[in-house]
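Student: Please take me through the features of this model one at a time, with the rule for reading each.

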Amino acid sequence: MNNHIAHVKKNGDKQNLIDHLNEVGCLTARCAEKIGLGDAGEVIGLLHDFGKYSAEFQTYLASATGLINPDEDDFVDFKGLKGKIDHSSAGAQWVWESCQKWGLQGQLVGQILSLCIASHHSGLIDCLKPDGKNSFSKRMEKSDHKTHKNEALESAPEEYLEKIQALVGKELIQCVWRRLKVVGQAPNKSIRAFNVGFFSRLLFSCLIDADRMNSADFEFPENEPYRNNRPAWTIAIERFERANKKFNGDKPIDLLRREISETCRARALDAQGIYTLTVPTGGGKTYASLRYALHHVQQHKLDRIIYIIPFTSIIEQNAEAIRAVIEDSRDETPWVLEQHSNLEPEQQSWHSKLVSENWDAPIVMTTMVQFLEVLFSGGTRGARKMHQLANSVLIFDEIQTLPINCVHLFCNALNFLSDHCKTTALLCTATQPLLDKLHSPEKGQLLLPPENELVNNVPKLFADLNRVTLSNKVRPEGWTTAQISELALAEFKKLGSCLVIVNTKSWAQQLYLEIETDPDVDENSIFQLSTSLCPAHRKVIFKKIKVRLKSNQPVICISTQLIEAGVDVDFSSVIRFLAGLDSIAQAAGRCNRNGLLKSATVHVVNPDEEKIDLLQEIKVGRDKALRVMEEGFDNLLAPEAIGQYFKYYFHDRAKEMSYPVSAKQLGWDDDLLNLLSENTRNVGQNKKSILLQHSFMTAGKIFKAIDSPTQAIIVPYGNEGKNIIAELGRVAKEFDIKRYRNLLKQAQQYSVNVFPNVLKRLQQEKAVYEIQPDEEIYCLDEQYYSNEFGLSDKPCCQMTAHVF
């Protein structure tokens, strides 16, 4: 009888290793079947923990879980051995060696399969390290006394060994090779190499999710029935169409919104691919795109809809709107998964693996940052979700907010998903970037036929939906705080509502403090919005603003750009600090949004002093917008002007689009696109002992370093925020995993993301503390959270003198 163990519950229940391997094999096969690699998935699932058949690992596990008492002779120091007993190399070595007899095909297939197995705890490893060393071959040549491959072969059950030997044969090699040949049909060697690496990461994702699911479901078997269930899309469609009939306004804008919606409904029956939906702000994109997606997933028998949205505030708004039309209180499980806070630590512990999400929901709403992390970050947390992008519809809301340094990576990834993974993508915006007309197309650009625009006559639609006039008030000397406040107050007093959108938090505070002193502005009519406020706090403010606007009560709001893309508010006047023309167009969408006024004005002003030297997207966008403004376009918000703006903007930033990496970070100047494709600048690149030469792990670490990742801080906003912090502190001590998971989900609404420099200042002030050592989940001292401005790195009593 085989008594080898994979995991042990806290109550002492044991999961047999053979059961874990077989179950992970089945789950990985199911995940990988979406991309035609079911057998390959089963192989890596069966072999991922093969090294656990060693006596050394079994003794370690028994010591760590109390199966061996400390006074017994074979007890080992499990704390000192944590992470030091290699159980992932044995399976990788076995499959690598088994594939060699099939020549070149076997070598490539063997490298991909073994790479997935060897990396399943660390994240995809480098094939070539930055110093040129062949780290993949080194791993495959690791000595047997460290990997225990031969011991595992002797200890594993005979039927298991027969199973893996039967699977890893000519048929498997040829199956994977055929898929690789299709994937390799790319415009050039660089994109071909990128595709093979992306293919490998996708298969790796299947293994990670399968392993994590099986481990979690062993601990909580009640979760298993809710996994991997295809939604009943007909129910969602019936609910949506019933709700849609109630949107029957008779204003011109209502008629245009219905026309857009009907067009999307009709085009949902088209073939899968990459499509655009170019609709002016206020054109009803949220429900039109949802209608398209619901009918499209039903038509093509797809698994899920994923919304990728730039700002958390839009996620909150759109999630609420979608739930309102498709969810029912009697549903056994919710339709919508809303995920928009980076509370889970990247270096996953056993705890955080169990509480992490894997996007196994009918409709997922996430941010562009998290989407890009799924595609390119290191570790396993992001990669785990990647396979869920296959067999799905991806809705990119406000696609123009795609980070400039990710453009080529994004285009190559989206082309791959569309071409090879039964993925449909819809790029929604009023300001469509030229992702199919890039300055360096050989590095990757979207494949977008003209007929893939869902709207028939975009220029006419923009003319019909034009509701504002743009007033260029830019002047050489700029505008002072007092002058901008005076303009805002004049518009507010004349029209009843005014929105001022600024580029920085410091300007938002300056204007708020200046305007609130005016005797005609009472404390109930002035608001300030920025990402220093937690989502729950912003939600309260948005609700107050919407109620007051709807009832024609006075409102003056000063906000950063979080309000301008997709947020459903309707002001009589908007003042926008000079920025990119796409941002100005989005700001215009908050003015006379519902066409209640015959005409309205968006004033563009330039502040006299503005610290945006480090905000390149705003700085370059501002300069290119000025250039277009000087060219005499009749309508600066029309597609022709927006197209010209992006032509200038992308040309000026073309060198940044491949995710540049400095010599300080890597030892030489390079870019992530190269590290994740041919890796031509690596000194070890010409070594032919391996076919994949990607630097996956190095690229993943740099991706985060360049992106300046933020850290979520849970803030004590209101009684609920304080209660969550207190409860997390109590639960963490004994670690009630289910309660802990629920609290982390609740805490997303009470968290503020801060950059590393701000976190450092907060730590120096002793304003943050960890819930539990090494969990990297931080809470804020309530002295550092203001009801007006949110999180600050100074006590709130000093806020009037301090601009954060």
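Student: Is phenylalanine 199 buried or exposed?

Tutor: Buried means under 20% relative accessible area, exposed over 50%, and partly exposed in between, with a 1.4 Å probe and protein chains only. Phenylalanine 199 has a relative accessible area of 2%, so it is buried. Residues are numbered from 1 along each chain as its sequence is written. The model is predicted, so local features need pLDDT of at least 70 and side-chain atom pairs pLDDT 80 or more, while totals for chains, interfaces and linings use all residues, and side-chain values use heavy atoms, without hydrogens and water.

Student: Where is phenylalanine 199 placed, and which residues is it in contact with?

Tutor: Helices (H or I, at least four residues) and strands (E, at least two) are DSSP runs numbered from the N terminus. Phenylalanine 199 is in helix α12. Contact means heavy atoms within 4.5 Å. Apart from neighbours within four places in sequence, phenylalanine 199 is in contact with Leu37, Ile112, Val176, Arg179, Leu180, Val183 and Phe416. On a C-alpha to C-alpha basis, phenylalanine 199 lies 15 Å from cysteine 411, and the two are 212 residues apart in sequence.

Student: Which residues of helix α22 are buried?

Tutor: In general, an α-helix has 3.6 residues a turn, so residues three or four places apart point the same way. Helix α22 covers residues 505–515, and its buried residues are Trp507, Ala508, Gln509, Leu511, Tyr512 and Ile515.

Student: What does the side chain of glutamine 58 reach?

Tutor: A polar contact is a pair of N or O atoms within 3.5 Å; within protein, one must be able to donate a hydrogen and the other to accept it, and residues adjacent in sequence count only if both atoms are side-chain atoms. The side chain of glutamine 58 reaches the backbone oxygen of lysine 52 at 2.7 Å. Glutamine 58 sits in helix α3 (residues 55–64) and is buried, at 14% relative accessible area. Setting aside residues up to four places away in sequence, glutamine 58 touches Asn3, His4, Ile5 and Lys52.

Student: How many disulfides does the structure hold?

Tutor: A disulfide is a pair of cysteine sulfur atoms within 2.5 Å. The structure holds zero. For cysteine 116, the closest cysteine sulfur is that of cysteine 206, at 8.6 Å, which is too far for a bond. Cysteine 421 is in no disulfide either, since the nearest cysteine sulfur, also in cysteine 206, is 9.3 Å away. Cysteine 116 is buried at 0% relative accessibility, and cysteine 421 is buried at 1%.

Student: How many cavities does a search of the whole structure find?

Tutor: The general idea is that rolling a probe the size of a water molecule over the atoms shows where empty space is left. Here a cavity is a set of points, on a 1 Å grid over the protein atoms alone, where a 1.4 Å probe fits but cannot get out, and lining residues have an atom within 4 Å of a point. Points are joined across faces, edges and corners, and a volume is the space filled by probe spheres set on them. The search finds six cavities of 30 Å³ or more.

Student: What is the second largest cavity lined by?

Tutor: That cavity holds about 160 Å³ of space. Of its 17 lining residues, Leu124, Arg201, Leu375, Leu676 and Phe696 are the closest to its centre. Helices α12 (189–219), α18 (368–376) and α29 (696–706) each supply at least two lining residues, and α12 gives the largest share, four residues.

Student: Which residues other than glycine have a positive phi?

Tutor: Glutamate 398 is one of them, with phi near 60 degrees. Glutamate 398 lies in the loop between β7 (392–397) and α19 (407–420) and is buried at 1% relative accessibility. Lysine 766 also has a positive phi, of about 60 degrees. Lysine 766 is in the loop between α32 (756–764) and β19 (768–770), and at 69% relative accessibility it is exposed.

Methods
1 Å grid on protein atoms, 1.4 Å probe; cavity = no way out; pocket = protein on both sides within 12 Å on 5 of 7 lines; lining within 4 Å.
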